[in-house]
Amino acid sequence: KCRQLAVKCIHEYPDFEYGYITLGSLEKDSGNIAAAEENFRQALRINPHNVEALGRLGDVLRSHDVQEGRRVLQQAVTCDPEDTLSAIFVHNARVHT
């Protein structure tokens, strides 16, 4: 049901980056990493400075490209050094790699 709502949101509001972030998160949770990555990248095409999309993309990338994942996570922190979510992602990247 959540996935259907996210897809409907994207269809009705294709320039709303949070629809893609939501769908990307659902795809990641379902183990569909490629689809998750593509949805986070689409959110960033709409808003390249979306810290949540950067953090989630960096987290997904770490599973198959540690260096690129770290680079994207650092970009999230650079966009908003006070953002707690990106700080947690960066911390986890340092601890788990």
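Asn 39 touches Ile 10, Tyr 20, Leu 23, Gly 24 and Glu 27, leaving out residues up to four places away in sequence; contact means heavy atoms within 4.5 Å. The model is predicted, so local features need pLDDT of at least 70 and side-chain atom pairs count only at pLDDT 80 or more, while totals for chains, interfaces and linings use all residues. Residues are numbered from 1 along each chain as its sequence is written, and side-chain values use heavy atoms, with hydrogens and water left out.

Asn 39 lies in helix H3 (residues 33–46). Helices here are DSSP runs of H or I with at least four residues, numbered from the N terminus.

Buried means under 20% relative accessible area, exposed over 50%, and partly exposed in between (1.4 Å probe, protein chains only).

| Residue | Relative accessibility | Class |
|---|---|---|
| Asn 39 | 12% | buried |
| Arg 62 | 15% | buried |
| Tyr 18 | 36% | partly exposed |
| Phe 16 | 40% | partly exposed |

The largest nonpolar core has 17 residues, and Phe 40 and Leu 57 touch the most other members. Such a core is a set of buried Ala, Val, Leu, Ile, Met, Phe, Trp, Tyr and Cys residues joined through side-chain atoms within 4.5 Å. Two or more residues come from each of helix H1 (2–12), helix H2 (17–29), H3, helix H4 (51–61) and helix H5 (66–79). H4 gives the most, with six residues. Apart from neighbours within four places in sequence, Phe 40 is in contact with Tyr 20, Ile 21, Gly 24, Ser 25, Ala 53, Arg 56, Leu 57 and Val 60.

H2 has 13 residues and reaches 19 Å from its first C-alpha to its last, close to the expected 18 Å. The expected span is 1.5 Å times one less than the number of residues. Buried residues in H2 include Glu 17, Tyr 20, Leu 23 and Glu 27. The buried residues of H2 pack against H1, H3 and H4. After H2 comes Gly 31, with a positive phi near 85°.

Arg 62 sits in the loop between H4 and H5. Arg 62 and Leu 73 are 11 residues apart in sequence, and their C-alpha atoms are 9.4 Å apart.

Rings of Phe, Tyr and Trp (its six-membered ring) pair if their centres lie within 6.5 Å; planes under 30 degrees apart count as stacked, over 60 as edge-to-face and the rest as tilted. The count by this rule is one aromatic pair. Phe 16 and Tyr 18 form this tilted pair, at 5.8 Å centre to centre and 50° between the planes.
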